[in-house]
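Please keep the sequence and the structure in view while reading.

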Amino acid sequence: MAITSANQLELLQTAEAVAREKMIDPGLVVEAMEESLARAAKSRYGSEMDIRVKIDRRTGRATFTRVRTVVDEEELENYQAEMTVEQAKQYLADPQIGDTYEEEVPPVELGRIAAQSAKQVILQKVREAERDRQFEEFKDRAGTIINGVVKREEYGNVIVDIGRGEGILRRNEKIGREAYRANDRIRCYIKDVRRETRGPQIFLSRTAPEFMAELFKMEVPEIYDGIIEIKAVARDPGSRAKIAVISYDSSIDPVGACVGMRGSRVQAVVNELQGEKIDIIPWNEDVPTFLVNALQPAEVSKVVLDEDAERIEVVVPDEQLSLAIGRRGQNVRLASQLTGLDIDIMTEEEESQRRQKEFEERTQLFVDALDVDEFFAQLLVSEGFTNLEEVAYVEIDELTVIDGVDDETAEELQARARDVLEAQAAEALERARALGAEDSLIEFEGLTPQMVEALAKDDVKTLEDFATCADWELAGGWTTVDGQRTKDDGVLEPFEVSLEEAQNMVMTARVLLGWVDPTEIETEAEGDDAADEGSEETEEA
């Protein structure tokens, strides 16, 4: 087709029609047309030329222009699109490098092939604009619930029409054995929106914990208004879920508000989630208290929290064990997800047996090491003494409070404990040397002979070896792999060396070896102290 007055207005009408259909800016369609016409003109006049097309937004008239840029003589490569300063003087009064000279050229007629090419360019541009529009529209809706209509199912994945786009509900994001047919209405959570080469991908979910939280927000006005907050959600999709809530208004019961009159509010959520049973739990800042609530309906006798390891021991009555664990461990697993802690559950009988075993082991230790009778050793254990170091180095007063122990007896006990400890240290040192431990490691301050022996067994035999260790290799730690927390045993963990102590020892070793400048460490420490002080001042303010 030729660009004539007859079809000039037709260009604008076509652009507006396409823009309305695809819900994009008409200017983007016109720009695509300009680019396609320019490409057609280049094939007519030569690909080396810089041909540009401008379509008047009012009249639809297309102006074809040849552009030539002024460049340095040494950089002149394309004679059709560039010219030197000397050459430009016949066109421009005072040409400078970078200036351009434009001259209008006759419009071209689009042949069949050129018209097809132009059509492809326009379609491509329109598709790109449509994708950008779709991404911009949905990127801010991630984290919200959307209603859609099922279009089709592909290999277990459901394609959902969500208005101005399509979303995909993957097989593993469906609840249980949900099955959908075309034109079924469906409610989903927008989990993620990604910009990909084939267009924006909108990933939907019905198993995400956030889906349940958003459903409650829709059903419970107090949550929507911020009076009640959902602090944590844990789900076993299609089976059971736990949700922790807190009220910021003392007159409103958070659990009761979520349940609703005769259970109407929670039942609406349950129905949407295919009958998933929901435990609504009051949230509490006190972790043990919160855990007791989270393990409902089981009753808990005692909770022992290990904050460093992020583990917790729960003791329940014997008859409550199966209820606390739940079917296939479901109850304790959901409680663990809700609190973010690893939970060990034991019965009262198991705990009693464990404590009895510890008591007997400590009693036997004192009988063997201190040469005292069993009754006296039991007295020491009952008073809280757990090892020889505590007996050897505590204040005399802490021993004399035991019935039948005077100052002389206490001193004798401490002397025996120290003798045993010194003998153990000498034996450990001898074994460490036999394993190849060098004096640089043996003489390092902070390491006992037993620690040196343990390091030597782990092939750490010199101060250089020690300085290359990571703090978690010494003190131990936890690693999360695929959502499962696994324990990393530390070489010095049996000696109760903390992560901070391990860091300090390793850094001291590096300073002694000249690997680290001590002034740098001091500067960093001062910076940390200043930051801590600043945060404290902020909190006080």
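Helix α12 (residues 348-370) packs with helix α13 (residues 374-382) at an angle of about 125°, and their axes are 8 Å apart. The axes are lines fitted to C-alpha atoms, for helices over the stretch in contact, and the angles run from 0 to 180 degrees between N-to-C directions. Helices (H or I, at least four residues) and strands (E, at least two) are DSSP runs, numbered from the N terminus. The model is a predicted one, in which local features need pLDDT of at least 70 and side-chain atom pairs count only at pLDDT 80 or more, whereas totals for chains, interfaces and linings use all residues. Residues are numbered from 1 along each chain as its sequence is written, and side-chain values use heavy atoms, with hydrogens and water left out.

Given their angle, α12 and α13 are oblique to each other; angles under 35 degrees count as roughly parallel, over 145 as roughly antiparallel, 65 to 115 as roughly perpendicular and the rest as oblique. The crossing of these two helices, α12 and α13, is right-handed. A crossing is right-handed if the near helix is turned clockwise from the far one by less than a right angle, and left-handed if anticlockwise. On the α12 side, the contact (heavy atoms within 4.5 Å) is made by Phe-359, Arg-362, Thr-363, Phe-366, Val-367 and Leu-370. Helix α13 contributes Glu-374, Ala-377, Gln-378, Leu-380, Val-381 and Ser-382. By class, the contact of α12 with α13 comprises seven nonpolar, three polar and two charged residues. In this classification Ala, Val, Leu, Ile, Met, Phe, Trp, Tyr, Cys and Pro count as nonpolar, Asp, Glu, Lys and Arg as charged, and the others, Gly among them, as polar.

Not counting residues up to four places away in sequence, Thr-386 touches Arg-362, Leu-365 and Phe-366. The C-alpha atom of Thr-386 is separated by 9.3 Å from that of Glu-358, although the two residues are 28 residues apart along the chain. The side chain of Thr-386 also makes a polar contact with the side chain of Asn-387 (3.5 Å). A polar contact is a pair of N or O atoms within 3.5 Å; within protein, one must be able to donate a hydrogen and the other to accept it, and residues adjacent in sequence count only if both atoms are side-chain atoms.

Helix α16 (residues 407-434) and helix α18 (residues 449-457) pack at an angle of about 25°, with 8 Å between their axes. Helices α16 and α18 are therefore roughly parallel to each other, and α16 passes α18 in a left-handed crossing. From α16, the contact involves Gln-424, Ala-425, Ala-428, Leu-429, Arg-431 and Ala-432, and from α18, Pro-449, Gln-450, Val-452, Glu-453 and Ala-456. The residues of this contact of α16 with α18 divide into seven nonpolar, two polar and two charged.

Within α18, Met-451, Val-452, Glu-453, Ala-454, Leu-455 and Ala-456 are buried. The buried residues of α18 pack against α16, α17 (439-442), α19 (463-467) and α20 (471-475). Just after α18, Asp-459 takes a positive phi of about 70°.

Another threonine, Thr-339, lies in helix α11 (residues 330-339). Why does Thr-339 count as buried? Thr-339 counts as buried because its relative accessibility is 18%. Its side chain reaches the backbone oxygen of Ala-335 at 2.9 Å. Leaving aside neighbours within four places in sequence, Thr-339 is in contact with Phe-290, Leu-291 and Ala-294.

Most residues other than glycine have a negative phi, and most peptide bonds are trans. The peptide bond from Gln-296 to Pro-297 is cis, with omega near 15°, and Pro-297 is placed in the loop between α9 (287-294) and β13 (302-306). Asn-183, in the loop between β7 (166-169) and β8 (185-196), has a positive phi near 75° and counts as exposed at 64% relative accessibility.

Terms used:
Buried < 20%, exposed > 50% of the residue type's maximum accessible area, 1.4 Å probe, protein only.
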